[in-house]
Amino acid sequence: MTKGLGDATEALRRSLIQRARPVPRRIATSLTTPRRAPEDARRWPPFGAYAYPHGAACQAGTVPTVGGAGHVISPLARRLRLGHAIRELRDAAGMTSAQLGREAGLDRTAVSKVENGERRPLDTILKLLDVLLPEGDERYRRLQRVARDGLAKGWWTAQEFAAMGARQARTAEIESGARTIREYQTSMLPGLVQTEAYARHRSQVALEDGADFDLNGTVAGRLRRQQQISGPDGSEYDVVLEPQAIERLPVPPAVMREQLHHLLTLATTRENISVRVLPVDARLGRGYVPRSPFSLYAYPDPEDLTLVAVDTVTADLLVTEAREAQRYAAMFDQLRAAALSQEESADLIQKAADALAAEA
C-alpha cells in the first residue's frame with residue numbers, strides 16, 4: 001500500500017527544502033492552500049474503484065488490489081501507463097524529449113526513463129506534467145495518482161524475498177493485482193501452479209545447467225507468487241497447456257504425480273482457475289502455434305496497458321504496445337477455442353497421473 005498523499009507531499013516538501021530545489025506548482029499549491037475537488041470530480045470513479053473478481057472493491061485514494069491483502073496493482077504496469085501517457089502528451093505538443101527536458105529543468109535522459117517505465121522520483125514526474133498539462137486539467141490529477149502507484153513497493157521487495165532473483169521479482173511485479181492472467185505453456189507447468197517439489201527439482205536442474213540463483217529463495221518466491229491466484233479474490237487464471245507439459249517427465253515420477261494431482265485440484269475446485277490441454281490433433285483456425293510460451297496480464301483499470309511476457313531461456317521479453325498485445329490476445333483465444341474442454345482436460349490430467357502410479 002502506498003503512503004497517503006499528505007504523507008508523500010510532506011516527505012517531498014522536506015526533501016525539496018533540504019536540496020533547495022524549485023517546487024512543482026501543484027506540489028507548492030498543495031502545501032500552502034487546501035485544494036477543493038473539481039465540481040465534475042464525481043463523474044470520475046475513484047481511482048481503482050472498478051469491478052474485481054468476486055466483487056471486491058477498493059476505497060478511493062488507495063492502491064487497488066486483486067489477489068488479497070498486499071497485492072497492489074502492478075507498479076510496473078502503472079509506470080508503463082504513465083510513460084505512455086507522457087509520450088502521447090509530448091507528441092501532441094510537438095516536443096522532443098530534449099525540449100521537454102529543458103522546459104521542465106531536467107535532463108533528456110530523465111524524460112526517456114519516465115517514458116520507458118523506469119522508477120523515477122515523484123517530483124521529476126510532476127515537473128513533466130507541469131509542462132505538458134494546463135492548470136486544473138483533470139488528466140493531471142489522474143496521472144499524479146498513477147505516478148504515486150508506480151512508486152509502490154510490493155512483497156517482492158521485502159528482505160525475506162531478496163534471494164528470489166531479479167527475473168522472478170519482475171514477474172511477481174507484473175502479476176501483482178492483475179484482473180486476468182492468461183498463459184500458454186509448451187513443455188513445463190507454469191510457476192503459478194507448481195508444487196514446491198516440482199519447483200525445487202526444476203530449479204535444481206537449471207542450476208546444474210549453469211544458471212545462477214539461490215535455490216531456496218527461488219522456490220520461496222514462486223510459492224509466494226501463487227497467492228495471486230489462490231488468495232481471496234484471486235486473479236482469473238486461464239492456462240492452455242501442450243500435452244507434453246503433463247505427459248513428459250521433467251521431474252521424478254512421484255513428484256510429477258503429486259504435481260498433476262495438485263493441478264487437477266486447482267482446476268476442479270477453484271472457480272477462478274481454468275486449465276485446458278491443447279491436443280496434438282487440435283484444429284487451429286489458421287494453423288499457427290506460437291513458438292514460445294507467453295503470458296498475458298490485464299488489470300482492473302481499463303486504462304492500464306495489457307502486458308505480454310514472452311518466455312525465453314534466459315529472460316522474458318515484455319510486450320507493451322497495444323497492437324502487439326492484441327495479436328497475442330487473439331492468438332490465445334484461438335488456442336483456447338481449439339483446446340479440450342475443462343472436463344476433458346481434467347480427465348486427461350487424471351489419466352496421466354494414473355499412468356505414473358506404478359512408477360511413483
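The model is predicted: local features need pLDDT of at least 70, side-chain atom pairs count only at pLDDT 80 or more, and totals for chains, interfaces and linings use all residues. Residues are numbered from 1 along each chain as its sequence is written, and side-chain values use heavy atoms, without hydrogens and water.

**Chain.** The chain holds 15 helices and 6 strands. Helices (H or I, at least four residues) and strands (E, at least two) are DSSP runs, numbered from the N terminus. Of its 360 residues, 49% are buried, meaning under 20% relative accessible area with a 1.4 Å probe, protein chains only.

**Helix α6.** Residues 122-132 form α6, with 10 of 11 residues buried. Among them are Leu122, Ile125, Lys127 and Asp130.

A pocket is an open set of points on a 1 Å grid over the protein atoms alone, where a 1.4 Å probe fits, with protein on both sides within 12 Å along at least five of seven lines; lining residues have an atom within 4 Å of a point.

| Feature of the largest pocket | Value |
|---|---|
| Volume | about 1400 Å³ |
| Lining | 43 residues |
| Largest share of the lining | α8, 7 residues |

The volume is the space filled by probe spheres set on the points, which are joined across faces, edges and corners. Arg167, Arg222, Asp311, Thr312 and Val313 lie nearest the pocket's centre. Elements giving two or more residues to the lining include α8 (166-175), α10 (215-225) and β5 (307-311).

Terms used: Buried < 20%, exposed > 50% of the residue type's maximum accessible area, 1.4 Å probe, protein only.
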